[in-house]
Amino acid sequence: MVSLEVVLGVAAALFGIGLYGVLGQTNAIMVIMGVELMLGAAMLNVIGFLRYAWPDGSSGGFFVLVLMTLMAVEAAVGFALVISVFRHRRTAEVDDLTDLSG
Amino acid sequence: MSDLGTALAFYPLAALMLVTGLYVFITSSMARAGLLLLAALGVEGLIFLALASEFLGFLQLLMMSGEMVIMVFFMVMFMSDPGGLMGMDMTHEKRRSAGVAIALAAGLALVAVLTDWPARVAGDDAPDVRAIGFEVMGRSMVSFLFAAMTILFAMVGGVMLAKQGGRFGIAAPAGEERGEGD
């Protein structure tokens with residue numbers, strides 16, 4: 001049967017996959033995709049708590065709405081930054097953006 | 001949905017979500033990666049449905065389908081090898097990234113298992129649209145308005161960032177300096 005621990009374990013695995021994408025990919029769009037998966041894992045956590053730890057509460061649903069907003073905002077600003085960088089550098093590879101490295 | 005029904009829906013969907021999520025970063029075609037991400041987050045919406053969050057599940061399906069299709073366009077525009085036919089590798093530090101990700105996921109899972117969570121009887125119909133509506137229009141209204149303003153600012157800021165020339169107008173051609181009258 002499904003329990004809170006199982007849902008949290010699946011969310012942890014999804015978070016790890018997203019983190020692998022953020023750390024291991026060189027293209028900025030792929031990094032954004034990794035962040036989307038990590039936020040998806042956070043949403044799954046909230047749904048798990050809502051179902052198994054606090055079934056009669058509605059604040060958790062609101063948190064999921066805020067997280068969905070965050071995903072949309074993160075994608076919009078991320079794409080805008082990628083477009084801006086691409087205009088100046090003609091690349092979206094994060095390895096090429098080393099101006100601030102020591 | 002009964003406990004057995006929830007389990008029968010949850011486990012295959014969770015496996016499908018993790019596999020499609022992992023293949024996002026394994027496939028060499030960027031168009032496929034975008035569609036796989038859409039599949040992963042769409043399946044997550046189905047998991048929400050299986051866990052009795054119908055409203056949020058359908059909202060997730062709706063939002064992610066729109067967002068990920070837009071993302072596929074961006075990927076095809078910005079990838080040097082969108083079709084994956086040239087065999088380009090767009091990864092770095094693969095082993096260390098995988099090591100860090102696995103260690104963190106295992107740590108989080110360990111915390112989830114070892115923590116003594118409050119034992120509550122699972123509700124069958126938590127939370128419904130009505131409850132979320134009262135929450136949004138009640139004590140969380142200020143937060144919800146803040147989220148709406150955040151979206152508005154992100155839209156305006158995104159357009160300003162992405163437009164030709166950025167915030168400072170169209171740049172002078174290379175080698176030329178602009179005077180005061182420009």
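**Exercise 1.** In which loop of chain B does B:A52 lie? Determine also whether B:A52 is buried or exposed, and describe its phi.

*Solution.* The structure is a predicted model.
Step 1. Locate the residue: B:A52 belongs to the loop between α2 and α3 of chain B.
Step 2. Count its surroundings. A residue is buried if 20 or more other C-beta atoms lie within 10 Å of its own. B:A52 has 21 C-beta neighbours inside 10 Å and therefore counts as buried.
Step 3. Consider the backbone. Most residues other than glycine have a negative phi. B:A52 is not a glycine, yet its phi is positive, at about 70°.

**Exercise 2.** Describe how helices α2 and α3 of chain B pack against each other.

*Solution.* 
Step 1. Two packed helices are described by the angle between their axes and the distance between the axes.
Step 2. For α2 (residues 30-50) and α3 (residues 54-78) of chain B, the angle is about 175° and the axes are 8 Å apart.
Step 3. Angles over 145 degrees count as roughly antiparallel; α2(B) is therefore roughly antiparallel to α3(B).
Step 4. The residues of this contact comprise 19 nonpolar, six polar and two charged.

**Exercise 3.** Characterise the fold and the overall dimensions of chain A.

*Solution.* 
Step 1. Chain A contains three helices and zero strands, and its pattern along the sequence is α-α-α.
Step 2. The radius of gyration of chain A is 17 Å, whereas the globule rule gives 13 Å for 102 residues; the value is well over the rule, so chain A is more spread out than a compact globule.
Step 3. Along the principal axes, the C-alpha atoms of chain A fill a box of roughly 50 × 25 × 25 Å.
Step 4. Of the 102 residues of chain A, 55% count as buried.

**Exercise 4.** How many residues of chain A are in contact with chain B, and which helix of chain A gives the most to that side?

*Solution.* 
Step 1. The contact joins 59 residues of chain A to 70 residues of chain B.
Step 2. On the side of chain A, α1 (4-24), α2 (28-52) and α3 (59-89) each supply at least two residues.
Step 3. α3(A) gives the most, with 20 residues.
Step 4. By type, the residues on this side of chain A divide into 40 nonpolar, 14 polar and five charged.

**Exercise 5.** Which residues touch the most other members of the largest nonpolar core, and what surrounds A:I29?

*Solution.* 
Step 1. The core holds 72 residues, and those touching the most other members are A:A11, A:L14, A:I29, A:L44, A:I47, B:L37 and B:I47.
Step 2. Two or more residues come from each of α1, α2 and α3 of chain A, and from each of α1 (3-24), α2, α3 and α4 (94-114) of chain B.
Step 3. α2(A) gives the most to this core, with 14 residues.
Step 4. Leaving aside neighbours within four places in sequence, A:I29 is in contact with A:V82 and A:A92, and with B:F74, B:M75 and B:F78.

Technical notes
Residues are numbered from 1 along each chain as its sequence is written. Chains are lettered from A and ligands numbered from 1 in the order in which they are written. This is a predicted model: local features need pLDDT of at least 70, side-chain atom pairs count only at pLDDT 80 or more; totals for chains, interfaces and linings use all residues. Axes are lines fitted to C-alpha atoms, for helices over the stretch in contact, and angles run from 0 to 180 degrees between N-to-C directions. Helices (H or I, at least four residues) and strands (E, at least two) are DSSP runs, numbered from the N terminus. Angles under 35 degrees count as roughly parallel, over 145 as roughly antiparallel, 65 to 115 as roughly perpendicular and the rest as oblique. Ala, Val, Leu, Ile, Met, Phe, Trp, Tyr, Cys and Pro count as nonpolar, Asp, Glu, Lys and Arg as charged, and the others, Gly among them, as polar. Two residues are in contact if their C-beta atoms, placed from the backbone, lie within 7 Å. A nonpolar core is a set of buried Ala, Val, Leu, Ile, Met, Phe, Trp, Tyr and Cys residues joined through C-beta atoms within 7 Å. A residue is buried if 20 or more other C-beta atoms lie within 10 Å of its own, exposed if 12 or fewer, and partly exposed in between; C-beta atoms are placed from the backbone. The radius of gyration is taken over C-alpha atoms; the globule rule is 2.2 Å times the number of residues to the power 0.38.
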